[in-house]
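The structure is shown below.

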Amino acid sequence: MSVTRRTLLTATASGTLLAALWFVPSANATVEATAQQADRDAAPAAAEDTTAGPQLAETGPGVDTTPYLIGGTALLGIGAGFVAYSVRRSGARPVV
């Protein structure tokens with residue numbers, strides 16, 4: 001396979017991945033108006049929240065991030081291994 005075709009395939013795969021990720025929903029810190037109205041109706045008048053604007057969800061005091069750190073480190077190591085393997089396999093080429 002020629003170098004030009006390989007580059008074109010890589011660019012096509014990257015563009016396809018970015019286009020697919022465009023449609024992944026994002027997590028916004030906003031609440032719909034109907035949910036806010038229901039919360040206001042259910043809460044007593046004396047205990048109203050005086051802060052305005054969107055608020056983030058309560059996650060608790062002890063969020064365990066260890067699995068994410070281990071998984072991220074493992075994926076980073078695998079990616080570095082693939083890069084090292086492909087550099088080794090392609091051989092040394094003079095820089096032009």
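The protein chain exposes about 9200 Å², and 65% of this area is supplied by carbon and sulfur atoms; accessible areas come from the Shrake-Rupley method with a 1.4 Å probe, and for residues only the protein chains shown count as cover. Of the 96 residues in the chain, 0% are buried, that is, under 20% relative accessible area.

This is a predicted model, in which local features need pLDDT of at least 70, side-chain atom pairs count only at pLDDT 80 or more, and totals for chains, interfaces and linings use all residues. Residues are numbered from 1 along each chain as its sequence is written, and side-chain values use heavy atoms, with hydrogens and water left out.

The chain holds 3 helices and 0 strands (DSSP runs numbered from the N terminus: helices are H or I with at least four residues, strands E with at least two). Mean pLDDT, the predictor's confidence in each residue from 0 to 100, is 76 for the chain, and 55% of its residues reach 70 or more.

Where pLDDT is low, the predicted coordinates should not be read in detail.

Helix α3 has 25 residues and spans 36 Å from first to last C-alpha, close to the 36 Å expected (1.5 Å times one less than its number of residues). Just after α3, Gly91 takes a positive phi of about 80°.

Key
Buried means under 20% relative accessible area, exposed over 50%, partly exposed in between (1.4 Å probe, protein chains only).
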